[in-house]
Amino acid sequence: MRILILVAHPDDEVLGMGGTILRHSQKGDLVKVVYFATGISSRRSTNYKNNATYEQEENSDIIQKEIQELQNDAKKSCKILGVKDMEFYDLPDNEMDSIPLLKVIKIVENEIKKSKPDRIYTHHYNDLNVDHRVLFNATLTACRPADDKIKELVTFEVPSSTEWNYPFRFNPNYFVNITRQLSSKVRAMNSYKNEIRNFPHPRSSESLKIIAKKWGSVSGNKAAEAFEIIRRIEY
């Protein structure tokens, strides 16, 4: 099976479906992860800290260095998850709604043309993060049943984003047992040394284990990841 994973920022892939990615790799599926935005610049400051003002700090060289470090962390994480094929774009972080949606659609269409995936995973449509929502809309458009016939379109949650979009909800209808992959998922997230947080933050190692156990209890497993199938077509 050919798997294409479309995420807005480095670390979204691990948070949303790190265990499932490893399962695909272990099965011998061809997996590609595509990162659309930098994941750094919206903080408007260096040293990975958030700045409450909109103006960017002067030292853009340091921010570019931090973007490169984040991409290197993504490569380390993907190695743990068995992923060898990655692509990085440089769309504006947390400002993907500021560029034409058509531009994002064309990137997705090009990645589909190159990968010819059987299944695409991407962000959930009810996510708080604007980049996540833009990428979902672009992916849904690019996956319309036309020339490139995508059999399955599946969405995942991102802890620290999806669950904060009150009053909307993530309503999964597909669960993957990651009991054997959970420790590797946590290790892959720890590769993002500047993105991992301390408990009770949702991006902490302990929170990821709790979330996995929650979905495990829903689906009859010790640990699981949850998804919502948007469309599945038998051609």
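In sorting residues by class, Ala, Val, Leu, Ile, Met, Phe, Trp, Tyr, Cys and Pro count as nonpolar, Asp, Glu, Lys and Arg count as charged, and the others, Gly among them, count as polar. With that division in hand, the lining of the largest cavity in this predicted model separates into eight nonpolar residues, one polar residue and three charged residues.

Taken along the principal axes, the box filled by the C-alpha atoms is roughly 50 × 40 × 35 Å.

The structure holds one cavity of 30 Å³ or more, and the volume of the largest cavity is about 70 Å³. Its lining is made up of Leu15, Gly16, Glu157, Pro159, Lys185, Leu208, Ile211, Ala212, Trp215, Ala224, Glu225 and Ala226. At least two lining residues come from each of α1 (12-27), α6 and β7 (224-232), and the largest share, four residues, is supplied by α6.

Helix α6 also takes part in a helix-helix contact. The axes of α5 (residues 182-190) and α6 (residues 205-219) come within 10 Å and cross at roughly 145°, and the crossing in which α5 passes α6 is right-handed. On the α5 side the contact is formed by Leu182, Val186, Met189 and Asn190, which meet Ser205, Leu208, Lys209 and Ala212 of α6. By class, this contact comprises five nonpolar, two polar and one charged residues. Leu208 and Ala212, which belong to the contact with α5, are also listed in the lining of the largest cavity.

The loop between α5 and α6 contains Pro200, and the peptide bond that joins Phe199 to Pro200 is cis, with an omega of about 15°. A cis peptide bond also joins Tyr166 and Pro167, where omega is about 0°; Pro167 lies in the loop between β5 (152-156) and β6 (174-177). Another backbone feature worth checking is Asn94, which has a positive phi of about 55° although it is not a glycine, and which is placed in the loop between β3 (85-91) and α3 (101-115).

The loop between β5 and β6 also holds Pro172. Although Pro172 and Glu157 are 15 residues apart in sequence, their C-alpha atoms are 9.0 Å apart in space. When residues up to four places away in sequence are not counted, Pro172 touches Trp215, Ala226, Phe227 and Glu228.

Technical notes. Residues numbered from 1 in each chain as written. Predicted model: local features only at pLDDT ≥ 70, side-chain atom pairs only at ≥ 80, totals over all residues. Heavy atoms only, no water. Axes fitted to C-alpha atoms, helices over the stretch in contact; angles between N-to-C directions. Left-handed = near helix turned anticlockwise from the far one by under 90°. Contact = heavy atoms within 4.5 Å. 1 Å grid on protein atoms, 1.4 Å probe; cavity = no way out; pocket = protein on both sides within 12 Å on 5 of 7 lines; lining within 4 Å. Points joined across faces, edges and corners; volume = space filled by probe spheres on them.
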